[in-house]
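Subject: Structure handover

Hello,

Here is the structure I said I would pass on. Please open it alongside this email, as the notes follow what can be seen in it.

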Amino acid sequence: MALYAEVSDFFDEAICHTVEELATDISFALDYFDRLEDLERAREAVQASPAVLFRWLPQDGWPTAFVSSNIERWGYSAEEWQARRCRFAEIIHPDDRAMVANGLEEQMAGGETQCHQEYRVRMADGEYRWHLTRAHAKRNTRGQISLWVGSNTDIDTIKRADEEKKQLL
């Protein structure tokens, strides 16, 4: 502070303390804005990716606690999806539901915290497309699964190309 005054004791201790607090507050605000910019860049990356991010609750049908807004590419609205607390199981192809549930239970019974599965998901227009789900189990202090966090990626084009290749061979 002496840099700004001709007299060395020009600013009293209270003013110096206030200026230090302001500098700290400004530093925190700048860090906060940097984090907001980082979050915006991450949101843009998710929007541009084929992966839809989810948070599922470990209850019957896996109700959705969060879904990224790029679920719009499936024909659904994130706001509507979350407001209705949609159950993810509702859009899994009926022929795949048991396989998905059993696979998840088997992986968790074996102590796994990560899982990945391929299955068909119904788009809002009724079309089914192949997806790859990668999820991580969040556990509470008692070791019980409290939340699933994961991504669901459309792999339909790849899956269909593989099937066509198999038919040609």
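Which residue in β4 does Q114 stand opposite? The answer is H136. Before going further, please keep in mind that this is a predicted model.

The sheet

Five strands make up an open sheet, and their order is β2-β1-β5-β4-β3, with antiparallel pairing. At the edges are β2 and β3 (114–122), each of which pairs on one side only. From one strand to the next, the twist averages 25 degrees.

Taking the pairs in turn:

- β3 and β4 are antiparallel and share nine bridges. Their hairpin has five residues between the strands, and G126 there has a positive phi near 95 degrees.
- β4 and β5 also pair in the antiparallel sense, over nine bridges. In this pair, R134 stands opposite S151 in β5. The hairpin has five residues between the strands, and its G143 takes a positive phi near 85 degrees.
- β1 and β5 are joined by six bridges, again antiparallel. Here A51 is found opposite T153 in β5.

The helices

Two helices lie across β3, β4 and β5. One is α3, which runs at about 170 degrees to β3. The other is α4 (residues 156–168), at about 125 degrees to β4.

The largest pocket

The space in the largest pocket comes to about 160 Å³. Its lining consists of P58, W62, A101, L104, E105, M108, I145 and W148. Which helix gives the largest share of this lining? That is α3, with four residues. Both α3 (94–109) and β5 (145–154) supply at least two residues each. Sorted by class, the lining has seven nonpolar residues, one charged residue and no polar ones.

One lining residue to look at

Among the lining residues is W62, which sits in the loop between β1 (51–56) and β2 (64–67). Is W62 buried or exposed? Its relative accessible area is 15%, and buried means under 20%, so W62 counts as buried. The backbone of W62 also deserves a look. Most residues other than glycine have a negative phi. W62 is not a glycine, yet its phi is positive, at about 55 degrees.

Regards

Key:
Residues numbered from 1 in each chain as written. Predicted model: local features only at pLDDT ≥ 70, side-chain atom pairs only at ≥ 80, totals over all residues. Heavy atoms only, no water. 1 Å grid on protein atoms, 1.4 Å probe; cavity = no way out; pocket = protein on both sides within 12 Å on 5 of 7 lines; lining within 4 Å. Points joined across faces, edges and corners; volume = space filled by probe spheres on them. Nonpolar A, V, L, I, M, F, W, Y, C, P; charged D, E, K, R; others polar. Buried < 20%, exposed > 50% of the residue type's maximum accessible area, 1.4 Å probe, protein only. Pairing = 2+ DSSP bridges. Axes fitted to C-alpha atoms, helices over the stretch in contact; angles between N-to-C directions. Contact = heavy atoms within 4.5 Å.
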